[in-house]
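Please go through the model shown below.

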Amino acid sequence: MGQNTSRRSVLQGLITSAIVIGFDLTTRSWVTSASATSVFESLPSLNGVLYTDNGTLTDASIDFGNIVHRQPIAVLKPGSIEDIVQIIQFARTRKLKVAPRGQGHSTYGQSQVEAGIVIDLSTLNKIHFIGTDRAIVDAGVLWSQLLQQTLATGLTPPVLTDYIELSVGGTLSVGGIGGATHRYGVQVDNVLELKVVTGTGDLETCSLSYNRNLFTAVLAGLGQCGIIVQATVKLIPATTNARVFQLYYDDLATFTHDQRQIIFDERFNYVEGQLVSNNAGGWRYLLEVASFYSPPFVPNNSLLLAGLNYTRGTEQIEDKTYFDFLNRLAPTVAFLKSIGVWSNPHPWLDLFVPSSAVNGFVGEVAANLTLADTGLGPILLYPVKTNRFHLPLFRVPTEEIVFLFSILRTATPPEDAVVTRMLADNRKLFKQNRDLGGYKYSVDAIPFDKKDWQQHFGQVWGNLVSAKRRYDPDNLLTPSQGIFANC
Ligand SMILES: Cc1cc2nc3c(=O)[nH]c(=O)nc-3n(C[C@H](O)[C@H](O)[C@H](O)COP(=O)(O)OP(=O)(O)OC[C@H]3O[C@@H](n4cnc5c(N)ncnc54)[C@H](O)[C@@H]3O)c2cc1C
């Protein structure tokens, strides 16, 4: 794209009348065509658009959590990978912080940056290639978009998150867990190659066999060492249908026993679970499992349910298309948006609890947890096998099986006092779980300081620090995670 078009793109992006043409190092503010003097630093030419209008800046200061709000001074909607290279180099020389943003579904400001530049990857959203065992996609592609395209060729990503309107770059920077994780690991375990723009503004390719240090620093790396701009992800054959079983348990220990059993024998393709209200002030336990199939083959219900100790008569069995099953949250999300609850604050808690501690810890939490503590948000509890995880920055307890325990709270009513109480509760439960050898899953809203992060990364902290020094020596990237806040 030529210089004229680039200049036009910048112009189109500005809802305010003036055009940004540079950054004044003395006043640390943008120079517009209206305010220009002879002393300013020119912006690089861009294929995309650098926005500085209030509406766009405000949007970039809001995320799904709606708890933390940090206002950037510009938002880049890149038209190419080269735009990202240019803006990082530009930001580096001017000591501006940069935060990549996928879909902004973080809960605690992780994709925001105060007085820096947000790079909104949603405009980098092309699927470049779908082969027999892999796809090459831009980081801003949504998993739903990729799934729809791969299903047309009879393929699927092995692991999908419960909600599939998340960006590829966003989930690869955190992990990406779902009901198929007990078989295939997390989404970061299913990546073959990445293209990354580092904090030095270099575009690099990396994989397990090439430039491995960067690969392992970026996957589940919380945006600290580079911005994922393109990913080659694994695909496996897809079925057309899913038989979905919902089985209720009254007893936590029986529930977790059966969950462990079925992830060992792998009789189901998908295993999750929830704590649900028993309408008497307490909780019961819902096992959600699915068997994927393509007719004429059909799953054998008796074989699949053999030996499971759910409360008889509670079982619900339903056949869905594979896509509808994976997209099952869409109607609920549409409903929550229609009644305005989707934009309430979401102080989510996501923990990995060691299997040996799960009954005691979750039992005690459940005994004191009320619907007012969750705001009617779901509570997930399901096991995964740690021998499926291969990326060092995806931190889980050392046991063979660990449970994801997520209290996906909605602040109801959406008041500061409610949010404060929920955050304090998150912190308390996080610490209790940490004392038991547990970890947090870093998509959540837990007040966290640098010491917490050092403890979180433990034996890989040194590697992360070295990678940060090498790939982001000026500590430009993704400051709101707070990992290198005082570097
Ligand atoms: C309704 C809902 C359901 C969810 N379900 C699941 C689930 O089942 N399993 C699961 O694992 N997670 C789940 N999540 C959490 C989700 O995976 C994370 O919040 C994820 O980071 C969101 O992706 P995003 O595209 O919105 O990323 P953002 O929130 O925009 O970014 C997340 C972090 O990654 C950084 N980042 C973004 N893009 C890049 C990039 N290209 N390169 C480097 N860093 C980048 C950001 O700076 C930020 O620090 C869910 C979230 C919601 C809101």
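## Burial and surface

This is a predicted model. Of the chain's 487 residues, 57% are classed as buried. The accessible surface amounts to about 19700 Å². Carbon and sulfur atoms account for 51% of that surface.

Charged side chains number 39 positive and 42 negative. The centres of these two sets are 5 Å apart.

## Overall fold

The chain holds 16 helices and 22 strands. Its radius of gyration is 23 Å, close to the 23 Å given by the globule rule for 487 residues, so the chain is as compact as a globular protein of that length. Along the principal axes, the C-alpha atoms fill a box of roughly 80 × 50 × 45 Å.

How many of the contacts between residues at least 6 apart in sequence join residues at least 24 apart? The share is 70%.

## Domains

Three domains divide the chain. Domain 1 covers 3-122, domain 2 covers 127-237 and domain 3 covers 241-440. Between domain 1 and domain 3, the C-alpha centres are 38 Å apart. Their contact involves seven residues from domain 1 and nine residues from domain 3.

Val244 sits in strand 15, which spans residues 241-249. Is this residue buried or exposed? Val244 counts as buried because its relative accessibility is 12%, and the buried class means under 20%.

Which residues touch Val244, leaving aside neighbours within four places in sequence? They are Val289, Ala290, Gln316, Ile317, Glu318, Lys320 and Phe325. Phe292 is 48 residues from Val244 in sequence. In space, the C-alpha atoms of Val244 and Phe292 are 8.6 Å apart.

## Cis peptide bonds

Most peptide bonds are trans. Which bond joins Pro295 and Pro296? That peptide bond is cis, with omega about 15 degrees. Pro296 is placed in the loop between strand 17 (283-293) and helix 9 (301-305).

Another cis bond runs from Thr412 to Pro413. Here omega is near -5 degrees. Pro413 belongs to the loop between strand 21 (401-407) and helix 14 (416-435).

Most residues other than glycine have a negative phi. Glu266 has a positive phi, near 55 degrees. Where does Glu266 lie? Its place is the loop between helix 8 (252-265) and strand 16 (270-277). Glu266 counts as partly exposed because its relative accessibility is 25%, and that class runs between 20% and 50%.

Asn475 also is not a glycine, and its phi is positive at about 50 degrees. Asn475 lies in the segment after helix 16 (461-471). Is Asn475 buried or exposed? Asn475 is buried, at a relative accessible area of 12%.

Key
Residues numbered from 1 in each chain as written. Heavy atoms only, no water. Helix = DSSP H or I, 4+ residues; strand = E, 2+ residues; numbered from the N terminus. Rg over C-alpha atoms; globule rule 2.2 N^0.38 Å. Buried < 20%, exposed > 50% of the residue type's maximum accessible area, 1.4 Å probe, protein only. Contact = heavy atoms within 4.5 Å. Areas by Shrake-Rupley, 256 points an atom, 1.4 Å probe, with all protein chains shown as cover. Lys, Arg positive; Asp, Glu negative; His and termini not counted. Charge placed at Lys NZ, Arg CZ, Asp CG, Glu CD. Domains from an automatic or database assignment.
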